[in-house]
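Work through the exercises below with the sequence and the structure open. Each task is followed by a solution in steps.

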Amino acid sequence: MGIETGAAWRELRTHYEQVAELQLTQIFADDPRRAKEFSLEFQGLFLDYSKNRITRESLDLLMNLADEVQLSAAIYDMFAGKKINVTEGRAALHTALRAPKSSRIESDGVDVVPQVHAVLDQMEEFSQTIRSGQWQGFTGKPIRNVINIGIGGSDLGPMMACEALRAYSQRNLNIQFVANVDGSDFAEAVQGLHADETLFIVCSKTFSTDETLTNARTARSWLLEQLVDKDAIAKHFVAVSTNTEEVQAFGIDTQNMFGFWDWVGGRYSLCSSVGLAVMVSIGATNFRAMLGGFHAMDEHFRTAPLAQNMPVLMALLGIWYNNFFAAETHAILPYDNYLKHFPAYFQQADMESNGKCIDKSGAEVAVQTGPIVWGQAGTNGQHAFYQLLHQGTKLVPADFIGFAQSHNPTCDHHDKLMANFFAQTQALAFGKSSQTLADEGVEAALIPHRTFTGNRPTNSLMAEKLTPFVLGQLIALYEHKIFAQGVIWDVFSFDQWGVDLGKNLAVEILHQLQSDEASNANIDASTAQLMARYRKGRGAS
């Protein structure tokens with residue numbers, strides 16, 4: 001029996017039919033205290049969820065759903081280190097990565113906190129040698145360029161965080177990221193750089209990820225073209241991995257290998273040694289402040305009553321729109337240019353976690369699961385896709401993220417940025433009626449085109465400033481929202497088997513593309529045709 005057969009789901013379905021046509025304009029008019037009562041603050045992070053198409057009864061029924069699926073017990077199991085990643089037989093203990101030294105968190109009977117802090121201390125010592133210029137390359141020059149080579153969580157996480165916290169970075173260090181197996185990604189990253197001033201961080205847990213190892217080998221060749229001596233590799237490469245043998249075979253000194261654990265999923269690995277490039281950029285003090293923000297939100301999620309639990313509230317609102325209003329996408333719209341990679345980061349985190357059609361029992365799900373997550377930094381997005389948000393036929397719930405202070409207070413830029421933040425959520429919620437347009441004297445033929453129906457739901461998240469602590473809070477907030485939704489949909493949020501088939505087929509196709517005899521064995525007609533065109537085009541001068 002699926003979730004849709006439970007009493008809470010049926011009650012929500014009945015309630016939805018009663019409130020689906022309610023207008024936010026009327027809801028606010030009927031309840032002068034709505035904004036205050038439908039808001040929540042936790043350690044400086046403020047959530048206003050009043051511009052959602054919900055009533056108090058809606059929230060009560062959503063909380064009943066959370067109780068029915070035993071969300072509180074699932075939260076306890078995750079923090080207790082139970083092997084909730086069942087298909088891979090692992091715990092999901094990313095919260096241990098940001099736990100203070102005084103904590104005790106066990107995996108298979110072993111307290112992992114001392115291991116976590118040993119790696120953090122190793123990262124701190126190493127990053128300080130780079131930042132101070134103490135680490136010298138093969139020719140005796142200090143490192144000026146740090147290039148992180150990874151993919152997925154080993155790329156998106158540190159790239160997003162480095163950009164988000166650029167205001168805290170050491171500006172004489174050039175931090176870059178290479179992920180795509182497309183050779184252009186690497187070529188552009190090293191354009192104009194000197195090998196004897198460049199350090200590569202190779203992030204691969206098994207040291208076998210094809211895209212990462214392909215780029216790492218290209219980086220090694222690029223380095224040796226300039227420095228010739230293979231001994232230079234040890235001075236210009238470090239590894240984030242658990243595979244000592246392969247790291248050593250590559251030429252990296254294993255003393256410069258930073259480990260992590262199988263209970264760390266890739267998209268949840270930023271707080272581990274995968275965040276080494278971030279620590280190099282912003283320093284250990286700021287990195288640990290970020291971990292503090294993560295841990296604060298972890299504790300809030302673990303201990304707060306569900307009705308005052310920020311990740312749970314956001315998760316339930318997402319369920320409300322995804323499963324009852326049939327909204328298939330969700331937009332994340334940060335009004336801070338430093339957060340421009342934040343939507344892409346949580347596109348991976350959400351869609352890789354809950355993009356599942358099979359429930360925990362192995363049966364096909366009967367309801368829609370994870371939404372399509374997308375977004376862009378404001379105000380750029382306003383001139384790209386907000387037309388559809390305001391007047392399109394699709395309902396797109398959206399999260400707006402803004403800050404009271406800018407790291408770069410220039411004239412009235414920040415006031416204008418935040419004026420747009422406030423204006424967009426107001427316009428989406430309340431629109432502009434045809435009667436108002438008529439009263440303004442707008443030509444009758446234009447009124448339908450200029451009418452805004454409003455009633456488009458948004459959450460508004462605000463903090464005083466984008467600090468390392470606040471970034472940690474925000475990331476953990478969305479991580480836990482994703483987990484809570486996975487519990488409600490009854491899917492395993494910590495595996496990602498869907499990425500395997502295409503990767504495995506690519507290995508077979510690559511072998512055929514590189515074989516002496518052109519062969520399309522076991523290839524469908526369409527793919528064979530495309531491969532033939534590729535072979536022909538590849539050989540053209």
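Predicted model: local features only at pLDDT ≥ 70, side-chain atom pairs only at ≥ 80, totals over all residues.

**Exercise 1.** Decide whether the radius of gyration agrees or disagrees with that of a compact globule.

Solution. Step 1: for 541 residues, a compact globule would have a radius of gyration near 24 Å. Step 2: the protein has 25 Å, so the value agrees with the globule. Step 3: along the principal axes, the C-alpha atoms fill a box of roughly 75 × 60 × 55 Å. Step 4: of the contacts between residues at least 6 apart in sequence, 73% join residues at least 24 apart.

**Exercise 2.** Describe helix H4, its buried residues and what they pack against.

Solution. Step 1: the secondary structure comprises 22 helices and 13 strands; H4 covers residues 56–68. Step 2: from first to last C-alpha, the 13 residues of H4 reach 18 Å, close to the 18 Å expected at 1.5 Å a residue. Step 3: the buried residues in H4 are Ser58, Leu59, Leu61, Leu62, Met63, Leu65 and Ala66. Step 4: these pack against helices H1 (7–19), H5 (71–79), H14 (310–324) and H20 (468–489). Step 5: after H4 comes glutamine 70, with a positive phi near 60°.

**Exercise 3.** Which residues touch the most other members of the largest nonpolar core?

Solution. Step 1: this core has 125 residues, and those with the most contacts to other members are Trp263, Trp320, Phe342, Leu461 and Leu471. Step 2: H20 gives the largest share of the core, 13 residues. Step 3: leaving aside residues up to four places away in sequence, tryptophan 263 touches Ala91, Ala92, Leu93, His94, Ala96, Leu97, Ser107, Val112 and Val116. Step 4: a second, separate core has 25 residues, among them Val178, Phe186, Ile233 and Val247.

**Exercise 4.** Are the faces of strand E5 covered or uncovered, and in which sense does E5 pair with strand E6?

Solution. Step 1: in E5 (residues 145–149), five of five residues are buried. Step 2: Asn145, Ile147 and Ile149 lie on one side, Val146 and Asn148 on the other, and both faces are covered. Step 3: E5 pairs with E6 (residues 174–178) in the parallel sense over five bridges. Step 4: asparagine 145 has asparagine 174 of E6 as its bridge partner.

Methods. Residues numbered from 1 in each chain as written. Heavy atoms only, no water. Helix = DSSP H or I, 4+ residues; strand = E, 2+ residues; numbered from the N terminus. Expected span 1.5 Å × (residues − 1). Buried < 20%, exposed > 50% of the residue type's maximum accessible area, 1.4 Å probe, protein only. Contact = heavy atoms within 4.5 Å. Core = buried A, V, L, I, M, F, W, Y, C linked by side-chain atoms within 4.5 Å. Rg over C-alpha atoms; globule rule 2.2 N^0.38 Å. Pairing = 2+ DSSP bridges.
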